[in-house]
Amino acid sequence: MTFQRYRLFALLTCIGMFLVLIAGVLVTNTDSGRGCGTDWPLCNGKFVPAYTVESMVEYSHRMISGIVGLLVGATYLITRFWKPARHRENLLYAGGALLFTVMQAILGAMAVKWEQSSIVMALHFGISLFAFTCTWLLYKLVKRQTEQQSGQAPAAAQSAVSVPVRLYKGLVAVIVYCYGVVYLGAFIRHTSSGGACEGWPLCNGEIVPELSGSTAVAFAHRLAALLLFVLIAIVAFYVRKTAGASSELASIGNKALVLVILQILSGGLLSFTFTNEDAYVFTGLLHTVIISALFSMLVLLAIRMKQTMRQ
């Protein structure tokens with residue numbers, strides 16, 4: 001084992017977990033959750049099920065999840081037992097990826113055997129998001145370690161700035177809030193409530209629609225997304241002011257700001273394609289990709305902040 005090969009394992013694990021996220025969204029958006037009946041791990045009692053769109057989508061999700069689960073386990077074992085990789089931060093990310101992968105597998109199996117409520121199923125995506133974030137953070141860390149090993153990057157990865165504790169705590173609060181927004185969006189997807197707010201940026205042609213039922217939930221998600229943009233913009237401004245415009249922290253903050261803007265725009269695109277099932281599948285995927293990148297970027301920013309505070 002070399003750092004280059006370890007980096008490849010981390011990259012493949014990250015890509016694999018990303019595919020698990022995408023496959024899960026496809027299952028939800030195509031309403032394929034019952035494509036394999038109530039059988040697990042078999043599909044309608046067969047190892048290779050008869051072809052239907054629903055069964056193929058659901059079974060593909062299971063196959064991808066199973067393969068990626070093995071990859072996550074292998075990456076953890078390498079991190080745990082290969083001495084050059086046995087660092088506290090590596091073990092934290094690899095262990096977190098393994099934990100959340102097992103949790104999402106158990107929750108997925110439970111959803112097949114015993115139908116779960118939309119509240120629980122929305123949590124399934126949230127756990128998958130944690131698993132993806134852990135694999136992405138591990139890859140970013142191993143990439144940096146590999147560059148340091150080869151002399152391509154300086155040993156001191158952080159700048160000499162010291163981030164105020166209150167800014168770090170504020171960012172942690174934003175991350176928690178962001179997860180709440182993600183959960184609310186997943187809940188809307190599982191309850192098919194997205195169409196309750198027609199049009200964008202107005203909801204049913206009104207600034208404030210009648211707040212009842214699915215309309216209230218969909219409108220609350222829009223307001224929550226707008227507030228998330230404001231909060232991230234504030235964090236990005238103060239990070240730039242504290243660390244300097246050319247710092248790594250400012251660069252990560254700017255990327256998070258761009259991603260939250262793209263997320264809001266993709267939400268608008270979702271509202272325009274809700275009645276077109278074929279287009280909605282792809283706009284839903286785009287929405288998921290952006291929020292996954294945004295959440296991971298915010299967590300990375302918090303980690304980099306924490307590391308500067310330790311110096």
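**The cavity and the pocket**

Tutor: Let's start with the largest cavity, which has a volume of about 30 Å³. Keep in mind that this is a predicted model. How many cavities of 30 Å³ or more are there? The count comes to 1. As for how such gaps turn up, rolling a probe the size of a water molecule over the atoms shows where empty space is left.

The cavity is lined by E89, Y93, L137, K140, L141, L300, I303 and R304. Looking at where the lining comes from, α3, α4 and α8 each give at least two residues to it. Sorted by class, the lining of this cavity holds 5 nonpolar and 3 charged residues, with no polar ones.

Next, turn to the second largest pocket, with a volume of about 600 Å³. It has 20 lining residues, and the closest to its centre are L92, Y93, L137, V299 and I303. At least two lining residues of the pocket come from each of α3 (88–113), α4 (118–149), α5 (165–191) and α8 (277–310). Which helix gives the largest share? That's α8, with 7 residues. By class, the pocket lining is made up of 13 nonpolar, 3 polar and 4 charged residues.

If you follow the chain 43 residues from V165 to V208, you'll find their C-alpha atoms 37 Å apart.

Moving on past α5, the loop between α5 and α6 (213–243) holds W200. Its relative accessible area is 30%, so W200 counts as partly exposed too. W200 also belongs to a nonpolar surface patch of about 540 Å², together with V258, I261, L262, L265 and F272.

One last stop: K46 sits in the loop between α1 (3–29) and α2 (53–81). Is K46 buried or partly exposed? Its relative accessibility is 44%, so K46 is partly exposed. Between K46 and L8 there are 34 Å from C-alpha to C-alpha, and the two are 38 residues apart along the chain.

Notes:
Residues are numbered from 1 along each chain as its sequence is written. This is a predicted model: local features need pLDDT of at least 70, side-chain atom pairs count only at pLDDT 80 or more; totals for chains, interfaces and linings use all residues. Side-chain values use heavy atoms; hydrogens and water are left out. On a 1 Å grid over the protein atoms alone, a cavity is a set of points where a 1.4 Å probe fits but cannot get out, and a pocket is an open set with protein on both sides within 12 Å along at least five of seven lines; lining residues have an atom within 4 Å of a point. Grid points are joined across faces, edges and corners, and a volume is the space filled by probe spheres set on the points. Helices (H or I, at least four residues) and strands (E, at least two) are DSSP runs, numbered from the N terminus. Ala, Val, Leu, Ile, Met, Phe, Trp, Tyr, Cys and Pro count as nonpolar, Asp, Glu, Lys and Arg as charged, and the others, Gly among them, as polar. Buried means under 20% relative accessible area, exposed over 50%, partly exposed in between (1.4 Å probe, protein chains only). Patches are made of residues with over 30% relative accessible area and no salt bridge: like charges are joined within 9 Å, nonpolar side chains (Val, Leu, Ile, Met, Phe, Trp, Tyr) within 5 Å. Accessible areas come from the Shrake-Rupley method with a 1.4 Å probe; for residues, only the protein chains shown count as cover. A salt bridge is a side-chain nitrogen of Lys or Arg within 4 Å of a carboxyl oxygen of Asp or Glu.
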